[in-house]
Amino acid sequence: MDSMYDVLLQLPIFQGVSRNKISELIEKMKFHFLKYPNDEKIVACGEECNHLKFLISGEIRSELITQNAKMRITEKMQAPNVIAPEHLFGRDTYFPANLYAVGTVGIMQLEKSAVIQMLQEEPIFLINLLNILSRRSQTALESFTALSSNDLKERLAFWVLSLTHQKSTDIRIVCKQKDLYTFFGVQRSAFLATLDELKDANIIDYNSKEIAILDRTRLKTFLFDPAQEDF
């Protein structure tokens, strides 16, 4: 159980909470602990987000697909992590991406009604959740205002940072090059020149159908201090 406490205390929503309080909550709030084998789908895009889900062990792969299916963005996220907390409340309460297990994965989840009860009874959880949601919203605006020019590297960095998560790995953009340079409103030659520049710097690798982000942290430097938190 001590290892479970250590994992939970690494999650922002549990910061500042004592071990005794976490133990009390686990017994009182009926957290559900689930295991998923390799490649099993954990969440389907469009599924209603009626639980707050925590990744407590292993690694998951997120797959975000555009409505026209012309573009697919994948990334891997490691435990400990909280999954899509911004979609638990608000108008859009549906998961935006497919999530798959990479190896054996442990998920802890709490029903939405229990989350509301926890927020009402324990102010520290309310403050922590508000800080998480506010930070994600504020950083999106900060990244946008950091766009100082029409430089394609800045625009590409903003786009990737907006659609992926902090500390995620193995980020891949699967899309035809024509669809991407049309999306950014640039000529093919300018688009490929930018990709070559980023490839030479070992920030990305690419081929005709896919862009792999090798160093997300260095991509952030085109917008702001890489030590600054983002999405």
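Here are a few notes on the salt bridges in this predicted model.

1. Start with the overall tally: the structure holds 11 salt bridges. The points below pick out some of them, along with how open their residues are to the surroundings.

2. Take a look at Asp170 and Lys76, whose side chains meet in a salt bridge at 3.6 Å, N to O. This pair ties together distant parts of the chain, since Asp170 sits in strand β7 (residues 169–175) and Lys76 in strand β4 (residues 71–78), 94 residues apart. Asp170 is partly exposed, with a relative accessible area of 32%. Lys76 is partly exposed as well, at 22%; that value counts as partly exposed because buried means under 20%.

3. Next comes Lys153, so which residues does it pair with? One is Asp151, with the closest N and O atoms 3.6 Å apart. Another is Glu197, where the closest N and O atoms are 3.5 Å apart. The Glu197 pair links distant parts of the chain: Glu197 belongs to helix α7 (residues 188–200) and Lys153 to helix α5 (residues 152–163), 44 residues apart.

4. Is Lys153 buried or exposed? Lys153 is buried, as its relative accessible area is 15%.

5. Salt bridges that share partners join Lys76, Asp170, Arg172 and Glu210 into one network.

Terms used
Residues numbered from 1 in each chain as written. Predicted model: local features only at pLDDT ≥ 70, side-chain atom pairs only at ≥ 80, totals over all residues. Heavy atoms only, no water. Salt bridge = Lys/Arg side-chain N within 4 Å of Asp/Glu carboxyl O. Helix = DSSP H or I, 4+ residues; strand = E, 2+ residues; numbered from the N terminus. Buried < 20%, exposed > 50% of the residue type's maximum accessible area, 1.4 Å probe, protein only.
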